[in-house]
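Here are my notes for you to read with the model open. Take the points one at a time and find each spot on the screen as you go.

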Amino acid sequence: MELRTRFLPKLLNSEVDEYLKSNDIIIVPVGTVEMHGGLPLDSETVISEAFALKMAEACDGLVLTGLPYFYAGATASGRGTVQVSVRQGIDYLSAIAHSLLRQGFKRQVYISFHGPAHMTCSPMVRDFFDETGVPILYIDLSMQMFKSAKDLFKSMDAFHAITVGAYQLLGRLEDVPLTTEYSAPHTQTCAPFNDLFALAYQSGSAGYCFADPMDHMPTTAIPDEATRKALAGEGAELIGEIVKRMDMPHVAAQMRDLKEYTDRAGELYPWMPSAYNSAK
């Protein structure tokens, strides 16, 4: 069917009903609101939502927006950062996942560009499978960028371009301020503890917070509208190329195959939580 928009909250209920007659894929961008140098507090939410839009276009999915408040992590020292505990985030996201399944979205893809998001999304995805027998997916966007598109990142400017490009894709380019205030190089104040942080994912290896707003993060200079527009164009192209390399039609097909695989395993081993709970 032809959709007016991929964003579920902007659709009519009847349009969602019609969509679910032919497909069952929803992309759920999990964001954060936190200090982010010279970029708006919702930068990593916007990045995730822009990726979600392009991913949904590639696999004929819908996008559930409006999920910006989760565990921020070390940026809690910022007065603009909204900090929600990991446990609270898991419970909230789990409730949404159960609702989406009841609505008919059997293939759910949770994505985030926020570093600590794995602490919320991964436990939820695994527990959800044990509770329902339905395998849903978490994609760590930052991991995917460096896994499948490392050649595209020559410097941090590519990362900043992606951020600005994401605002353009969502029609919010003017929300990116024109500033050079945050462009000076900066070594994180927590750098002396990198040996500890390297023992696991940095966001999950130890409790800590940033001691300087510039720790997250120096931002490329955007002195005028022309620079912002050029950066946005570069970033939008990068997002498109990364999503292309992710091959979302293949991901969607594999999710369907994985459900069949786990159903067969459940028949062989009915005591597994996924099989036992789904049979109730």
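1. Start with Thr 5: a polar atom of its side chain lies 3.1 Å from the backbone nitrogen of Phe 7. That is a polar contact, meaning a pair of N or O atoms within 3.5 Å; within protein, one must be able to donate a hydrogen and the other to accept it, and residues adjacent in sequence count only if both atoms are side-chain atoms. Thr 5 sits in the segment before helix H1 (13–19). Buried or exposed? Thr 5 counts as buried, because its relative accessibility is 15%. (Buried is under 20% relative accessible area, exposed over 50%, partly exposed in between, with a 1.4 Å probe and protein chains only.) Leaving aside neighbours within four places in sequence, Thr 5 is in contact (heavy atoms within 4.5 Å) with Lys 10 and Leu 11.

2. A word on what you're looking at. This is a predicted model, where local features need pLDDT of at least 70, side-chain atom pairs count only at pLDDT 80 or more, and totals for chains, interfaces and linings use all residues. Residues are numbered from 1 along each chain as its sequence is written, and side-chain values use heavy atoms, with hydrogens and water left out.

3. Now the sheet. Four strands make an open sheet in the order S2-S1-S3-S4, with parallel pairing. At the edges are strand S2 (62–63) and S4, each pairing on one side only. Helices (H or I, at least four residues) and strands (E, at least two) are DSSP runs, numbered from the N terminus; two strands pair if DSSP finds at least two bridges between them.

4. Zoom in on strand S3 (residues 107–112), where six of six residues are buried. In a regular strand the side chains alternate between the two faces of the sheet. Here Arg 107, Val 109 and Ile 111 point one way, while Gln 108, Tyr 110 and Ser 112 point the other.

5. Which strands does S3 pair with? Strand S1 (residues 25–29) pairs with S3 in the parallel sense over five bridges, and Arg 107 is the bridge partner of Ile 25. Strand S4 (residues 137–140) also pairs with S3 in the parallel sense, over four bridges, and there Val 109 stands opposite Leu 137.

6. Follow the chain from S3 through helix H4 (residues 118–132) to S4 and you trace a right-handed β-α-β unit. Right-handed means that, with the strands pointing away from the viewer, the path from the first strand over the helix to the second runs clockwise. Buried residues of H4 include Met 124, Phe 128 and Phe 129. Among the elements covering the buried residues are helix H3 (86–103), H10 and helix H11 (273–278). After H4 comes Gly 133, with a positive phi near 80°.

7. Glu 131 is worth a click too: this residue lies in H4 and counts as partly exposed, because its relative accessibility is 38%. Glu 131 and Ser 274 are 143 residues apart in sequence, but 5.8 Å apart in space, C-alpha to C-alpha.

8. Last stop, helix H10 (residues 248–268). Its buried residues include Met 248, Val 251 and Met 255. Seen down the axis, the buried residues of H10 fall within an arc of 135°, so they line one face of the helix. (The arc is that of the directions from the helix axis to the C-beta atoms.) On the other side, Tyr 261, Glu 267 and Leu 268 are exposed.
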